[in-house]
Amino acid sequence: MTAASQTFPISVPLKQDATIIGLVGLAHAASHFGHLLLPPLFPVFMAEFGLSFAQLGALMSVFFVVSGLGQASAGFVVDRVGARPMLFAALALFALAALLASTVTGYSGLVLVAALAGLANATFHPVDFTILNQRVSAPRLGHAFSAHGLTGYLGWAAAPVFFAAITAMSHWRTAYVAAALLFVGVLALMLVQRDKLTTQVEVHHADSPVEHSMAFMKLPVVWWCFAFFLFSTMTLAVVQSFSVPILKAMHGVSFEAATLTLTAYMLCGAVGMFVGGFVAAKSQHSDRVVALSMSAAALLLALCGAGFFGATLTMVVLAATGFAVGIGGPSRDMMIKKATPKGATGRVYGLVYSGLDTGFAISPLIFGVFMDRGWYAATLLGAAAVLLLSVVAALGVGQRTPAGT
């Protein structure tokens, strides 16, 4: 057994678990806020720099290609040096990216911001889940995963409002300076509470057989997990990147109302995550919970794309889609935990969650072309179809996870 496979005692005070969950949740919210460092201001960039939807989609592809490649590698580093130093470095890089964004004068500067923010984002999932799996008692893990997902959605929900409000009151460059200060503030809190974020690192004993660090990649279940994140995230990328212009084009919705709908989607996702934590804590079949929630979300998204509803009801149904996805979030994380070999938490989460980055990277490229051609309904219907593929992947994970894990 490696030290990385050991966990802290199960019988720990609620306050200790809650503090750790809160710190990790705040860090996760900051990373999701960083996901939307650029998209809320896409309309501004189109007007100021003369950019197309495809060019804007490519920015997010740069972000998530860098993040995906970095995340797959970061898991190995987290297993060897611990999660805490990687977390500190990531928050500092996000602050630097936001500061750089306040100075850009064209597309090349935005590409650099996207790359730097992608590098910052790379470490969060291996870091977060290593800390949670090692430091939070087993009976509270379902709720820890719920809080982790919920705070991520809150980070997504906060970003459009944050950037829209400060841009309206001052200037979009001021908004990025404020975002940099926000990341610095989170980093300062993590430094003050650094003793709560320590994790054990991978140590092999001389009398223990040494397994190759890449051995986990031979497990089919790991790649089914990767596929799940790839497909489910392709759909999320459509909502994040294009729901605002889609609502404007299909229903004549104002920019402000469309932005609030995106925020409502994220808030509904957060509520779904909260409810999903109780579901995950009681369910023995995480894969089935995930499959049902994603199926419901795909149906709702398809109804939005079919154009059956008017503007108001479409916005309501789109927001409800976030709730359906959120319900499956904690069960998704529990599903990955059950499929993860002992002692390989950072590596497996790094690889599996790089599927998330891959989905975010390729989806804007594909659906950005749809958007430039005016295929707004087809964009939503295509996103719904891809989400159904994630249902197949989730059930595949369940079939390949050893019984009793």
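Visitor: How much space lies in the largest cavity?

Guide: The model is a predicted one, and in it about 280 Å³ of space lies in the largest cavity.

Visitor: Which residues line the largest cavity closest to its centre, and which helix gives the largest share of the lining?

Guide: The lining of the largest cavity has 25 residues, and those closest to the centre are Y153, W156, L236, V325 and R332. Helix α9 provides the largest share, with seven residues, while the helices that each supply at least two residues include α1 (14-35), α7 (141-169), α9 (220-251) and α14 (345-372). Sorted by class, the lining is made up of 14 nonpolar, ten polar and one charged residues.

Visitor: Are F274 and F278 buried, partly exposed or exposed, and how do you know?

Guide: F274 has a relative accessible area of 47%, and because this lies between the 20% and 50% limits, F274 is partly exposed. F278, at 41% relative accessibility, falls between those limits too and therefore counts as partly exposed.

Visitor: How many aromatic pairs does the structure hold, and what sort of pair do F49 and W172 form?

Guide: The structure holds 19 aromatic pairs. One of them joins F49 and W172, an edge-to-face pair with 6.3 Å from centre to centre and 90° between the planes. This pair links distant parts of the chain, as F49 belongs to helix α2 (residues 42-49) and W172 to helix α8 (residues 172-192), 123 residues apart. F49 and W172 are both buried, and both belong to one aromatic cluster, whose members also include F33, F45, F94 and Y176.

Visitor: Why is F360 called buried?

Guide: F360, in helix α14, has a relative accessible area of 2%, and since buried means under 20%, F360 is buried. Leaving aside neighbours within four places in sequence, F360 is in contact with M60, F64, W156, T233, L236, A237 and Q240. Between F360 and M60 there are 300 residues in sequence, yet their C-alpha atoms are 7.1 Å apart in space.

Visitor: How do you know whether S67 and G152 are buried or exposed?

Guide: S67, in helix α3, has a relative accessible area of 0%, which is under 20%, so S67 is buried. Not counting residues up to four places away in sequence, S67 touches G118, N121, A122 and D357. G152, which lies in helix α7, also has a relative accessible area of 0% and is therefore buried. Beyond neighbours within four places in sequence, G152 is in contact with H28, A29 and H32.

Visitor: What makes V136 buried, and where is V136 found?

Guide: V136 is found in the loop between α6 and α7, and its relative accessible area of 5% is under the 20% limit, so V136 counts as buried. With neighbours within four places in sequence set aside, V136 is in contact with D17, I20, I21, I131, L141 and A144.

Visitor: How is the packing of helix α3 and helix α6 described, and which residues meet there?

Guide: Two packed helices are described by the angle between their axes and the distance between the axes. For helix α3 (residues 53-81) and helix α6 (residues 124-135), the angle is about 35° and the axes are 8 Å apart. Q71, A74, G75 and V78 in α3 meet H125, P126, V127 and T130 in α6. The residues of this contact divide into four nonpolar, four polar and no charged.

Key:
Residues numbered from 1 in each chain as written. Predicted model: local features only at pLDDT ≥ 70, side-chain atom pairs only at ≥ 80, totals over all residues. Heavy atoms only, no water. Axes fitted to C-alpha atoms, helices over the stretch in contact; angles between N-to-C directions. Helix = DSSP H or I, 4+ residues; strand = E, 2+ residues; numbered from the N terminus. Contact = heavy atoms within 4.5 Å. Nonpolar A, V, L, I, M, F, W, Y, C, P; charged D, E, K, R; others polar. 1 Å grid on protein atoms, 1.4 Å probe; cavity = no way out; pocket = protein on both sides within 12 Å on 5 of 7 lines; lining within 4 Å. Points joined across faces, edges and corners; volume = space filled by probe spheres on them. Phe/Tyr/Trp six-rings, centres within 6.5 Å; stacked < 30°, edge-to-face > 60°. Buried < 20%, exposed > 50% of the residue type's maximum accessible area, 1.4 Å probe, protein only.
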